[in-house]
Amino acid sequence: MSIAAQSEQFRYPYRHLLGIEGLSQADIYGLLAMAEHEIATVRPAGTKKDVLRGRTLINLFFEPSTRTQSSFELAGKRLSADVMNMAVSRSSMEKGETLIDTAITLNAMRPDIIVVRHHCAGAAQLLSQKVDCAVINAGDGIHEHPTQALLDALTVKRKKGRIAGLTIAICGDIMHSRVARSNIILFNTLGARVRVIAPSTLLPPNAEVLGVEVFNGMREGLQGADVVMMLRLQRERMISALIPSLREYFHLYGLNREKLGWAKPDAIIMHPGPINRGVEIESGLADDPRSVIREQVEMGVVVRMAVLQAVAQHLP
Amino acid sequence: MAEPQASPVHLLSGARILCPATGRDEIGDVLVENGVIADIGPGLERRQGAIPVLRCDGHLLIPGLIDMQVFTGEPGSEHRETLATASRAAAAGGVTTIICMPDTIPVIDDVAIVNFIERAARATAIVNIHPIAAATKRLEGKEMTEIALLKEAGAVAFSNGKTSIADARLMRLLLAYAKDQGALVIHATEDRDLARGGVMNEGNVSTRLGLPGVHSAAETIMVERDVRLAGLTGGRYHAATISCRASLEVIARAKAAGHAVTCGVSVNNLALSEEAIGSYRTYFKVKPPLRAEEDRRAMVTGIASGHIDVIVSNHDPQDVDVKRLPFEEAAYGAIGVETMLAAALELHHRGEIALAPLIAAMTANPARLLGLPGGRLAPGAPADFALVHLDAPWTVDAKRLHSKSKNTLFDEQTFRSRVLRTFVGGVCVYKDPEFHLAYAA
């Protein structure tokens with residue numbers, strides 16, 4: 001079936017997108033098809049669909065974000081939605097307004113879709129129980145970041161031609177990474193083999209329960225890897241004393257040419273961004289032809305266009 | 001015919017009298033005179049004159065429960081729970097003595113506050129209430145309180161409330177000093193540093209939910225420290241609420257070595273495991289946290305074997321505003337004094353534990369530990385008891401619970417057993433609204 005046909009026929013079965021957990025293979029491939037279809041129709045730039053004309057999209061971000069928020073904003077505007085950005089700083093939260101109160105206030109304005117990012121796991125779900133509109137999780141604590149995983153999957157699929165059977169190595173601060181969690185669930189669902197590479201202090205307890213092979217060293221962990229996904233060292237979420245220094249971290253876990261040589265020769269390099277050059281990844285490598293970091297960003301917009309249209313299927 | 005509660009002399013007849021303290025389990029009668037059990041046994045009815053007799057139809061009659069860990073909001077947070085409302089919840093749950101915790105505002109760390117509690121309880125509560133006084137001033141874990149004076153004023157034990165004492169030297173001094181006064185030291189066991197940042201049990205569920213967890217080692221390490229200090233000082237020590245197999249093993253070893261060490265468990269850790277949290281349900285956010293099923297089973301085994309001495313409700317009223325938040329930010333705590341007995345009896349109905357050790361852990365054992373006259377059905381004991389229908393299912397409706405706060409773990413759960421009547425000092429303080437019992441002339 002062509003991408004266009006797959007995209008046309010796909011019915012997303014849920015009102016919200018709160019996580020990758022619970023999505024079937026068919027659901028994920030359907031969303032990827034919708035996204036891939038957008039690439040064909042959106043390039044050349046300048047075209048705009050009006051499937052969300054008259055609809056209101058609110059970006060409700062309790063945590064700062066550059067790329068995700070602007071990616072959703074662009075996606076919404078390309079679909080002709082009215083987009084409103086709400087950046088809720090911690091200080092206004094300190095004034096006593098809770099997540100629920102903010103939700104109730106927004107709900108009264110009758111938005112169609114709320115995209116929410118919050119520092120607590122489960123926040124998107126809590127919000128979805130309190131509002132009448134569709135809710136898309138843009139990151140809830142260390143729990144999930146579903147649109148990131150979808151754009152990562154689309155990037156891999158386009159570069160490698162498939163996902164099933166590939167070996168994906170995710171390296172870095174796994175414990176505090178919602179990107180890692182969502183990717184692990186997604187790539188496992190699609191039949192890839194997932195590994196995590198990190199020092200023990202940056203791994204969640206009982207990591208194997210997530211369905212991954214655990215490595216504490218890059219040399220062993222990158223053996224035979226088709227995809228090398230580097231994670232940002234989550235400095236703002238890190239409780240101190242987890243690693244002794246950035247210098248040692250880069251020495252052991254930072255990606256450079258030598259370490260990349262331990263993976264397959266045609267391995268691709270990914271990173272959800274923003275990159276700490278010289279910490280997770282050697283500066284030169286970020287711009288290497290094997291790096292698909294820029295494609296990830298591009299895929300981000302079309303994936304979010306797909307997700308917005310998917311949940312819009314259930315709007316009144 | 002006047003209701004038994006109006007008469008100073010009355011009889012309950014034909015009940016299944018279960019008293020683990022005296023080893024009694026038989027069908028019989030209980031004669032109450034002026035707030036005290038005057039006589040007990042089969043065939044008493046024939047020997048009495050014209051006094052009110054309540055027909056108990058073979059239902060279970062047990063000593064009124066003694067709940068050793070109940071937090072109220074009086075003084076300071078009366079909007080959550082007062083002594084009066086807590087007592088009504090207790091009565092509805094067959095609990096005739098509440099032992100209230102010192103985590104109030106102000107803290108119960110001074111004789112004046114102990115006196116306040118006693119007076120307020122006498123004036124407004126319908127069950128017995130005794131305070132546990134703070135072991136350290138303002139519960140700060142730095143300076144000992146006036147153990148002797150507080151004990152004289154009526155404090156039945158000493159605890160640092162919800163906060164563990166991190167300073168081992170202070171704990172040692174406290175245990176030694178309390179020993180001189182014959183006072184019991186109760187301690188919430190959690191290593192503060194190991195527990196930092198965690199909001200639930202560390203394990204598969206916390207990893208899946210993306211929530212920071214506290215490994216049970218944080219509890220066991222503190223139990224180990226305290227037990228060793230208890231051994232070297234000879235002080236009487238009680239680990240307030242253990243929740244895992246590893247902690248139980250430490251307690252069992254200490255008992256075997258002859259140390260004056262005891263422990264309690266929250267009914268929540270007997271009834272539920274961490275799976276109950278489901279999808280970030282904050283009413284299941286409690287301390288100690290709900291643990292893995294393997295630990296829950298170990299706790300039940302501990303009650304059966306007697307290694308765990310006491311079951312408590314860990315009743316902790318919290319209002320909606322502090323619970324209706326993302327899991328990481330929500331307050332800890334669940335109410336439970338009203339449902340403790342019913343939840344505990346479910347274990348019995350499921351075949352996990354016999355009736356006698358279960359009831360002993362809520363009656364005879366706490367009475368013995370605290371030196372209280374209740375917890376037993378025998379001549380001379382206070383007429384504090386509960387009549388229980390073992391097989392009359394009811395479904396918990398949070399809105400209809402008697403606590404001012406409604407943060408229950410058991411909302412919409414169906415329990416098989418229910419309290420029919422609760423008596424304190426021979427007076428009926430609770431009557432089930434649906435079940436009627438017959439009186440005879």
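Ala, Val, Leu, Ile, Met, Phe, Trp, Tyr, Cys and Pro count here as nonpolar, Asp, Glu, Lys and Arg as charged, and the others, Gly among them, as polar. The model is predicted: local features need pLDDT of at least 70, side-chain atom pairs count only at pLDDT 80 or more, and totals for chains, interfaces and linings use all residues. Residues are numbered from 1 along each chain as its sequence is written, and chains are lettered from A in the order in which they are written.

**View 1. The largest cavity holds about 50 Å³ of space.** A cavity is a set of points on a 1 Å grid over the protein atoms alone where a 1.4 Å probe fits but cannot get out; lining residues have an atom within 4 Å of a point. The volume is the space filled by probe spheres set on the points. The lining includes A89(B), H315(B), E338(B) and T408(B). By class, it has 4 nonpolar, 5 polar and 1 charged residues.

**View 2. The second largest pocket holds about 790 Å³ of space.** A pocket is an open set of points with protein on both sides within 12 Å along at least five of seven lines. Of its 41 lining residues, D103(B), G161(B), K162(B), T163(B) and K287(B) are the closest to the centre. The lining divides into 14 nonpolar, 16 polar and 11 charged residues.

**View 3. Helix α7 of chain A spans residues 146–160.** Helices are DSSP runs (H or I, at least four residues), numbered from the N terminus. Of the 15 residues of α7(A), 12 are buried, so the helix is largely enclosed by the rest of the structure. Buried means under 20% relative accessible area (1.4 Å probe, protein chains only). Among the buried residues are P146(A), L150(A) and K160(A). G161(A) follows α7(A), with a positive phi near 80°.

Methods: Side-chain values use heavy atoms; hydrogens and water are left out. Helices (H or I, at least four residues) and strands (E, at least two) are DSSP runs, numbered from the N terminus. The expected span of a helix is 1.5 Å times one less than its number of residues. Buried means under 20% relative accessible area, exposed over 50%, partly exposed in between (1.4 Å probe, protein chains only).
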